[in-house]
Each structure stands twice: as structure tokens, then as C-alpha cells.
Amino acid sequence: MDIKAKAKINIGLGVLEKLPSGYHRIESLMVPLALADELRLKKLDRGFELLGDHFGEEDLVYKTHEHMEEVLEGEIPLQVEIHKKIPVGAGLGGGSADGAALIRAVRDLYDLPLGLWDLLEISEPLGADFPYCILSQPTLCRGIGDQLDPAENLPNYPVLLVNPGFSISTQEAYEKTLPNPKPMDYEKIMACLREGDLEGARPLLRNDLEAYAFSTYPQLEEIRDRLYKEGAGLAMMTGSGPTIFGLFTREEDRDQAYDRLEGAYPVLIKSQIDGWLHTYV
């Protein structure tokens, strides 16, 4: 079985409150991209094999398989080969996407009687992004990422991803960020996005983790400003960074920006939003 695990970007990320558990209450419009890792799964008679681009026992695919065997109380003999397309440690959710794709694929490969809510429940202990990645569709995420509201009719905007070639500690970014309890007006934001008004959405959005990231790594703010100079209608950091994305209304404008920025940064990727809604049943 061949499956894809799609990258995600955060269109806005509000850090509203730090909870006693150590997690943070957030709000974010998470959307998948055409950019995706590729996983090939094959049943085995026994054991588990992880091939391709992976991090051994620290890989989220390895941990996800181990977690599923514990939850389902049985062995899941499996070989998984990973071909990474999503940059690692880039705020694009590649590891969580791989793990969530594995959960869905194991259900289908072994014809397990698991519905959507079962998949979500299995995924929650593995990380805050996992429930969203189970859906892997435009979703307004609240709470600690476990309150999910699918977002309909989002255009497939062309996207340009710029990564400076280093990673940022998610834990440190959250620890250094002061919560901002004021929610964003996602009703207005979604209206702007659906109407193609990226510039109208710009002042309504924020990523509260940018303050720490931009002060610590000034080149990230420079990348965002460069994307605006190159014609992006909306540009901001995704997640805890360091990837900066630019949304464009026209593919040719995105492609021209890519041509002008090619060679200036370690990682430059053309992609687009995948706004298709679906249901895992």
C-alpha cells in the first residue's frame, strides 16, 4: 500500500493561554499542502521493519506503530518504507503527518473496525498535531489542537515555502512566548480567504511564536518581508518555524518569485494548498 502524508501550514497561530498541564490553548487554521512524504506499507508475518528516510526508534512512525500495538493489544506485523519530501524540523508537521498516515493505513491494510473517532483517540497521546493530521484537511484547530472544525471552500492558493536551513525548538518557542488571550476573528479571516482577499486577511492574522523567532533569528523576518516584496499576498511563519510561507493568488506570480529567490536560501519549495474536504469513516 502506497500512501501520502501531507505537509501542513498554520495560517495564523494564537497562543491564548498556558495550561497547568504544560500544554497551551491555541487557535490556528491548519491546512494541508500538495507537498507530502511518501510511505510504502507491506504486511509481514512477524515483526516491524522501518526502511528509507527515518530516525530509528526516535522516528514518529516507529513510535506510532509501537503505540498502536499497545492500544490494540496485539502485534501489527509491518514493513514501512519512508521517502521524505517534507523538510525535517521545519514547522511543516512532517513527522506527525507520517505517524497519522500510518494510523489510517494500518486500519485499512488490516481491515480494522475503527471509525474516525477511534483514529482520533488513538492519535491524541502522540502529539498535539496528530488529531489534525488524522483529518489532513483545512481545519480550524482550538484547545490543545484537539478541537477540530473543518473549514470548507478554501481556495487552493499557490504557496512558496522558504526555509533557512536550521530548526527551532518548539518547546523553547512556546516557553519564550507570552500568551495573548485575544482570539482572532476567524470568521472574517475565512471570508477574506474564500474571496481571494489575502491582503484583507493580513491584518487579522498573527502567529504569536513569531516574536520570539524573529528576535532570535532576524533573518526570518527578512524572509517574510522579501516574500511580500516578491508579490505574496500573505506571508508568515508556520508553526514554531523556521519555515516562512507566502500565499499567492496566481501560480505565475508564485513561479516568478521562486525564480528570483532560487539559490538565495537553503530550501525553497513550490507547492499549493490542498483544500479538498473528505471524511475518514
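Helices (H or I, at least four residues) and strands (E, at least two) are DSSP runs, numbered from the N terminus. By that rule the protein chain holds 10 helices and 10 strands. The model is predicted: local features need pLDDT of at least 70, side-chain atom pairs count only at pLDDT 80 or more, and totals for chains, interfaces and linings use all residues. Residues are numbered from 1 along each chain as its sequence is written, and side-chain values use heavy atoms, with hydrogens and water left out.

The overall dimensions come first. The C-alpha atoms of the protein chain fill a box of roughly 55 × 40 × 35 Å along the principal axes. The radius of gyration, taken over C-alpha atoms, is compared with a globule rule of 2.2 Å times the number of residues to the power 0.38. For 281 residues a compact globule would come near 19 Å, and the protein chain, at 19 Å, agrees with this. Of the 281 residues, 52% are buried, where buried means under 20% relative accessible area, exposed over 50%, and partly exposed in between (1.4 Å probe, protein chains only). Contact means heavy atoms within 4.5 Å; among contacts between residues at least 6 apart in sequence, 74% join residues at least 24 apart.

Leu-33 is found in strand β2 (residues 24–43) and, at 0% relative accessibility, counts as buried. Leaving out residues up to four places away in sequence, Leu-33 touches a set that includes Lys-6, Ile-9, Val-159, Leu-161 and Ile-273. Glu-17, in strand β1 (residues 2–18), has 34% relative accessibility and so counts as partly exposed. Beyond its neighbours within four places in sequence, Glu-17 is in contact with Tyr-23, His-24, Arg-25 and Pro-179. Its C-alpha atom is separated by 7.0 Å from that of Asn-180, 163 residues away along the chain.

Helix α10 (residues 251–261) has Arg-254, Ala-257, Tyr-258 and Leu-261 buried. Seen down the axis of α10, these buried residues fall within an arc of 105°, so they line one face of the helix; the arc is that of the directions from the helix axis to the C-beta atoms. An α-helix has 3.6 residues a turn, so residues three or four places apart point the same way. The cover over the buried residues of α10 includes β7 (158–163), α9 (218–229) and β10 (267–272). Just after α10, Gly-263 takes a positive phi of about 90°.

Most residues other than glycine have a negative phi, and most peptide bonds are trans. Glu-73, in the loop between α1 (60–72) and β4 (78–83), has a positive phi near 55°. Ser-136, in the loop between α4 (130–135) and β5 (139–143), also has a positive phi, near 50°. Glu-73 counts as exposed at 73% relative accessibility, whereas Ser-136 counts as buried at 7%. A cis peptide bond, with omega about 10°, joins Gly-241 and Pro-242; Pro-242 lies in the loop between β8 (234–237) and β9 (244–247).
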